[in-house]
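Subject: Structure handover

Hello,

Here is the structure you asked about, with notes on what was found in it. The notes follow the model.

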Amino acid sequence: MDLSFSPEERAFREEVRAWIKTAMPPHLAAKAAVDGHFEMPEVMEWHKVLAQKGWVAPHWPVEWGGPGLDVARRFILTEELELAGAPQLSPFGLTMAGPLLMQFGNEAQKQRYLPKILSGEEVWCQGYSEPNAGSDLASLRLAARADGDFFVLDGQKTWTTYAQYAGWIFVLARTDPAAKKQSGISFFVVDMTSPGIRVRPTLTIGGTHAFCDTFFENVRVPKENLVGPLNGGWTLAKALLGHERTLVAAVGHSTRTLLRCKRIARETIGDDGRPLSQDPVWRAKIARMECRLEALRMQNYRAIAGAKQGHAPGPESSILKLRGSEVLQGMFELALDLMGHDGLSWMNEPGVVPAHEDWVAPTYDYVRAATIYAGSNEIQKNIIAKLILGLS
Amino acid sequence: MNFELDDDQRMLVDSVQTFVRKESPVSRFRALRSSGEGVTGEGDGFSRDLYRKMGELGWLGLPLPESVGGLGGSFVDLMLVLEQLGTTLVPEPILSSIVLSAMTVAECGGERFLDGVATGDRLLGLAYAEQNGRYDLSRLEATAEKSGAGYRLRANKRFVLDGHVADAFVVSAKLDGKVALFVVEAKDAKVQRLKTHDGRFAAHVSFDVELAADRLLAADGLAALSRAVERGAAAVCAEGLGVMQTVLSMTRDYLSQREQFGVKIGSFQALQHRCVDMFVETELARSTTLLAALALDDPKAVSVAKVQLAAGGRLVVQQAVQLHGGIGITDEADVGLYFKRMHVIQALFGDEDFHLARVARLGLD
Ligand SMILES: Cc1cc2nc3c(=O)[nH]c(=O)nc-3n(C[C@H](O)[C@H](O)[C@H](O)COP(=O)(O)OP(=O)(O)OC[C@H]3O[C@@H](n4cnc5c(N)ncnc54)[C@H](O)[C@@H]3O)c2cc1C
């Protein structure tokens with residue numbers, strides 16, 4: 001066991017830091033400096049910059065274009081990107097579809113999809129949830145009926161994040177309506193330009209159109225787009241939830257937000273005429289959040305280091321999802337509280353509040369979703385109670 | 001001790017309830033707000049006609065003296081009205097124009113500025129908060145100095161509630177080392193309209209103007225200003241109570257209707273307990289709001305109420321969103337509107353820390 005970094009690892013950190021400075025396009029750097037909101041096209045622009053450098057998928061095996069970094073260097077890379085406030089990459093290709101295809105796809109599928117996920121040429125979204133299948137995902141009803149060389153999809157997905165930007169969607173669909181809930185489900189990858197797909201973006205409480213309703217009407221999907229065995233989709237669904245949970249530890253986002261809290265605290269004058277950063281009460285609040293974050297970070301290191309590259313971690317990942325989402329929400333709550341009256345401002349023109357405060361309230365609202373998506377926190381607790389503690 | 005409403009108060013509550021359901025369901029606020037799906041934000045966020053109607057019904061004049069067309073009634077009655085208005089997020093500017101401003105003007109003997117206020121024809125705003133002031137009302141950079149027969153006022157005020165429509169402002173500024181209050185017409189101010197988190201409007205308002213001598217409302221106005229903000233705190237506790245009750249019942253209804261795993265999600269004990277927590281916080285808010293209403297002159301009572309609103313109110317709206325699942329994150333769902341309003345009223349008139357510090361000061365020092 002060892003927590004320290006070697007001279008070579010420290011040199012790698014310097015290399016990453018210097019590279020980000022020169023590689024990040026100025027309009028992205030300007031937003032990063034004030035934690036602005038990155039639109040999806042900007043996220044993909046950054047994805048491509050990272051892809052060219054070979055650093056876009058630190059967790060991918062070299063065989064599929066991963067950079068072959070050891071665990072320490074992966075941490076360093078991720079950390080430096082976070083500290084720079086770089087756009088957070090869309091996870092649907094890199095962390096979800098990619099690893100799943102590596103694990104369950106056939107050779108042709110891997111060759112077809114993985115390179116373009118890596119390059120950012122194709123953007124992905126996740127079609128799991130339906131209006132009546134949220135926490136109870138296995139009750140999903142999107143129908144996939146075999147018809148010659150095709151499956152024909154009919155039904156609706158909902159809460160599909162950034163479907164309006166996606167070229168591809170992976171879906172769980174019912175291929176055997178007679179089978180018991182989990183057993184009649186299959187996993188497909190579907191071209192979003194297929195005739196019969198309609199996407200309706202939905203405004204969130206965070207003021208952005210972050211998710212969509214996705215409708216399927218007689219959508220013809222070639223048989224080769226089935227991933228894994230027919231009626232075996234539930235295995236893939238479960239594997240993916242593991243990847244998803246690690247992701248929503250959101251250590252990077254929380255780290256960045258803690259920095260933002262500190263900045264707000266230093267620049268906001270309290271009732272005693274001093275910055276809030278010198279007020280013992282606010283100092284204690286910030287310190288508490290920092291402790292919660294550092295505990296989470298170490299928990300996350302342990303989980304990532306323990307999981308084999310490209311494989312999903314076990315039910316312990318529920319801990320990361322639970323605590324990670326709470327810490328993220330807590331960070332934004334702290335930021336909003338620190339702002340006092342400035343927290344009243346909502347998407348006004350520049351200058352109404354300092355630029356680094358502009359997106360705090362909308363993001364505070366939006367991250368209420370963090371305890372709902374990727375398996376709600378209530379569901380995570382059910383999982384821990386049942387699978388780890390053996391209570392039932 | 002008697003915590004029952006009297007007959008008049010019960011009638012008042014009934015009539016506001018009926019009015020709110022008929023004239024201003026939450027869908028009306030949704031259509032009027034400053035940001036959201038299909039919203040241009042070009043309107044003023046409320047209806048002058050409806051506001052005048054409230055004047056006709058006597059609500060605006062409830063706490064104002066008869067000399068300016070008021071009813072000389074109690075502030076408690078107005079709080080009862082505000083609680084009901086909170087249940088459907090009625091956006092008319094009673095808080096800013098009546099509670100914060102008109103009552104202060106009346107208290108300082110400024111009847112001459114109150115023509116048309118009780119009828120809803122004239123709107124007032126309270127311009128007191130500044131960049132470096134947080135919640136300390138005396139920490140001001142705004143200044144006034146004698147100039148000829150009158151005064152020169154220089155002030156930059158922030159987040160003046162409903163400042164985008166106010167016809168005149170009550171403005172705080174340092175004059176001879178004291179916190180003075182002036183009344184300034186909107187035409188003499190620079191108003192930057194802005195949107196607030198809860199879908200309403202406010203304004204940054206700046207002043208650099210020569211004022212006639214009779215524009216001075218109070219040369220030593222800190223106590224009056226403090227009382228205004230105390231009333232504001234109590235008022236948002238009442239409104240917040242309306243918010244809490246409403247999202248609690250929305251959530252209970254949702255849990256009784258939404259099915260997952262083949263059962264109503266309200267049958268899960270984890271969610272039942274969460275709802276119970278929400279219920280308990282709401283009932284405690286009812287108690288502390290009453291405390292604030294009955295002991296408005298006691299800073300500790302007001303702080304206790306504001307702290308309960310901060311902790312309990314936040315829990316209630318956060319959990320209401322949580323228990324709605326994905327729908328709770330959409331702009332389409334009403335629960336989000338209440339969620340946002342709760343966060344705004346928490347930041348107004350002293351946040352949790354301000355009030356905790358005050359309770360500590362009163363109890364420890
Ligand atoms: C911002 C956002 C983005 C999303 N992006 C995507 C996406 O890209 N793709 C996708 O497929 N889905 C996405 N989702 C959907 C998300 O996975 C679902 O919202 C989630 O699974 C919950 O389902 P639901 O919304 O139907 O809520 P419900 O399942 O109806 O739950 C309502 C409430 O009941 C609780 N509950 C349910 N069952 C139990 C139980 N057994 N015990 C205790 N409590 C319970 C829940 O925790 C919740 O609080 C997204 C959601 C959000 C909010």
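Domain bounds, as used below, come from an automatic or database domain assignment. On that basis chain B is split into domain 1 (7–113), domain 2 (124–220) and domain 3 (224–362). For chain A the assignment gives domain 1 (7–89), domain 2 (124–231) and domain 3 (245–388). Please keep in mind that this is a predicted model.

Spacing of domains

In chain A, the centres of domain 1 and domain 2 are 31 Å apart, taken over C-alpha atoms. In chain B, the centres of domain 2 and domain 3 are separated by 31 Å, again over C-alpha atoms.

Domain 2 against domain 3 in chain B

Twelve residues of domain 2 of chain B and 16 residues of domain 3 of chain B make up this contact. The two domains bury about 1200 Å² between them, and carbon and sulfur atoms give 71% of that area. Three salt bridges cross this interface. A salt bridge also joins B:Asp351 and B:Arg134, with the closest N and O atoms 3.3 Å apart. Polar contacts between domain 2 and domain 3 of chain B come to three residue pairs, both partners being at pLDDT 80 or more. On the domain 2 side of this contact there are seven nonpolar, two polar and three charged residues.

Chain A against chain B

The size of an interface is often given as the accessible area lost when the parts come together. For chain A and chain B the buried area is about 4200 Å², with 51% of it on carbon and sulfur atoms. Which three residues supply more of the area that chain A buries against chain B than any other three? They are A:Asp271, A:His341 and A:Leu344, and they supply 19% of it. In residues, the contact takes 54 from chain A and 48 from chain B.

Seven salt bridges are counted between the two chains. There is a salt bridge between the side chains of A:Glu378 and B:Arg274, at 2.8 Å from N to O. Polar contacts across the interface of chain A and chain B amount to 34 residue pairs, with both residues at pLDDT 80 or more.

On the side of chain A that touches chain B, the elements giving two or more residues are strand S6 (197–202), helix H9 (280–306), helix H10 (317–339), helix H11 (360–366) and helix H12 (377–388). H10(A) gives the largest share, five residues. By class, this side of chain A divides into 24 nonpolar, 17 polar and 13 charged residues.

The ligand

Does the ligand site belong to one chain or is it shared between chains? It is shared, because residues from chains A and B surround the ligand. The ligand has 30 residues around it, and the closest are A:Ser135, A:Trp159, A:Thr161, A:Ser376 and B:Arg258.

A polar side-chain atom of A:Ser376 is 2.5 Å from an oxygen atom of the ligand. A polar backbone atom of A:Ser129 lies 2.7 Å from an oxygen atom of the ligand. For A:Gln126, a polar backbone atom is 2.8 Å from a nitrogen atom of the ligand.

Regards

Note on methods
Residues are numbered from 1 along each chain as its sequence is written. Chains are lettered from A and ligands numbered from 1 in the order in which they are written. This is a predicted model: local features need pLDDT of at least 70, side-chain atom pairs count only at pLDDT 80 or more; totals for chains, interfaces and linings use all residues. Side-chain values use heavy atoms; hydrogens and water are left out. Contact means heavy atoms within 4.5 Å. Buried area is the accessible area (1.4 Å probe) that two parts lose on being put together, summed over both. A salt bridge is a side-chain nitrogen of Lys or Arg within 4 Å of a carboxyl oxygen of Asp or Glu. A polar contact is a pair of N or O atoms within 3.5 Å; within protein, one must be able to donate a hydrogen and the other to accept it, and residues adjacent in sequence count only if both atoms are side-chain atoms. Helices (H or I, at least four residues) and strands (E, at least two) are DSSP runs, numbered from the N terminus. Ala, Val, Leu, Ile, Met, Phe, Trp, Tyr, Cys and Pro count as nonpolar, Asp, Glu, Lys and Arg as charged, and the others, Gly among them, as polar. A residue is near a molecule or strand if one of its heavy atoms lies within 4 Å of it.
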